[in-house]
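Have a look at the sequence and the 3D view, then read on.

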Amino acid sequence: MLHGKRILLIVAGGIAAYKCLELVRRLRERGAAVRCILTRAGAEFVTPLSLSALTGDKVYGELFSLTDEAEMGHIQLSRDADLLVVAPATADILARMAHGLCDDLATTALLATDKPVLAAPAMNVRMWEHPATRDNLALLHARGLRTVGPNEGEMACNERGYGRMAEPAEILAAIEESLAGELPEGAERPLAGRRALVTSGPTREAIDPVRYLSNHSSGKQGHAIAAALAALGAETTLVSGPVALPDPPGLKVVRVESAEEMLAACQAALPADVAVCAAAVADWRVAGVAGQKMKKDGGGPPQLALSENPDILASLARPGNLRPRLVVGFAAETERVVEQAVAKRARKGCDWILANDVSASTGTFGGDRNTIHLIAGPPADEGSAPDPQVESWPPLSKTEVARRLAGRVAAFFAGEAA
Ligand code: C5P
């Protein structure tokens, strides 16, 4: 599974560092080559000797070791890796990464890399919840950092809450997922030089400061599409509503809550060559959100007045200078799937629609598979006989749907350039 992959594991100073020994073992069992940087604080928790025995390589520690610099420049360390993994990622190393500090080998390698980075945060629950850590992570996520965990549970400091580092098996799964979309070094990246915008997940429409209207969208399909476009070389912005998924590596993630915020983030991400709207945007928002928590004051349940949300897909597809050359939408239908999707394509003005059959028997909602009909061809309002091209795909995993779509997008632009 990880044969030939090169992982640069950065072990920072936290009690969870001991779990890295198990992680290294499992990575090597799967055929990955692991090289370790151990920070000075990390070396208080695990020894260079145990890491070196498990990696079968020397362990790197000091920035200004002349022999290391001669044998292996610190820039080369990150250049030689397919993925950098920071585990445990302490509050301190996350803060230093967020602000570009580079006063040791670990942070220098992190600043010098253009490879995807996965971090497994581990810290005391109050450090995790501190606004400084939240802000640092928001900044790092926006720059494409991917994280796994932390988990909730008992901590070494006798407290309970979020802060326990993810287990080695979870970190391993995140590493495999991070590398799954990666093309081998030197492989063709047909979307290089193109910009992609993808929406994903649900939106949340506030009722008052503590309540909201939303839906069950998981974001799995949209996130997979963003990752697949990025893997083909597109400079990708993923605008995501609240989801429980890690950020795909190698792209810019903008997190939003409401449909209005999602629209604004999409407009800010333009120009783009291709836009794929996979988000389940709430059709309605609450008109006049209550400024304070609504109370049960005996007067019966409140009446919620709703107003219509902007249609992000339709607004991106509207003719104009900033209209992406290719605008793709989704249509979730339970009956007359193709017929309704064809009508939706005309209504929204987009170029392609991926109609997914969400009738209960398909298990699409929240699941990992999707059954797609791709509606393409000349737009319905152009020419006299708009005969849409309908292509029905077999049931596929959402990752495979994403790969196929990214391949079709690449073929579209290759055809345009020809
Ligand atoms: O109209 P309906 O919600 O069925 O259309 C689905 C398509 O439109 C999806 O691509 C979805 O992302 C997009 N959409 C949108 N903004 C909305 C509603 C839907 O971008 N307000």
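Let's start with Ser200, which is found in strand S9, residues 195-200 (helices, H or I with at least four residues, and strands, E with at least two, are DSSP runs numbered from the N terminus). A word on ground rules: this is a predicted model, where local features need pLDDT of at least 70, side-chain atom pairs count only at pLDDT 80 or more, and totals for chains, interfaces and linings use all residues. Residues are numbered from 1 along each chain as its sequence is written, and side-chain values use heavy atoms, with hydrogens and water left out.

**Ser200**

Is Ser200 buried or exposed? Ser200 counts as buried because its relative accessibility is 0% (buried is under 20% relative accessible area, exposed over 50%, partly exposed in between, using a 1.4 Å probe and protein chains only). Its side chain makes a polar contact with the side chain of His223 at 2.9 Å. For such a contact, a pair of N or O atoms has to be within 3.5 Å; within protein, one must be able to donate a hydrogen and the other to accept it, and residues adjacent in sequence count only if both atoms are side-chain atoms. Setting aside neighbours within four places in sequence, the residues in contact with Ser200 (heavy atoms within 4.5 Å) include Gly219, His223, Ser240, Met262 and Ala278.

**Asp82**

Asp82 sits in the loop between helix H4 (74-79) and strand S4 (83-89). With 14% relative accessibility, Asp82 counts as buried. The side chain of Asp82 reaches the backbone nitrogen of Arg6 at 2.6 Å. Outside four places in sequence, Asp82 is also in contact with residues including Gly4, Lys5, Lys115 and Leu179. Glu29 is 53 residues from Asp82 along the chain, and their C-alpha atoms are separated by 17 Å.

**The ligand**

| Residue (backbone atom) | Ligand atom | Distance |
|---|---|---|
| Pro310 (N or O) | nitrogen | 2.8 Å |
| Ile312 (polar) | nitrogen | 3.0 Å |
| Leu313 (N or O) | oxygen | 2.8 Å |

On its own, the ligand has 450 Å² of accessible area, and the protein covers 84% of that (Shrake-Rupley method, 1.4 Å probe; for residues, only the protein chains shown count as cover).
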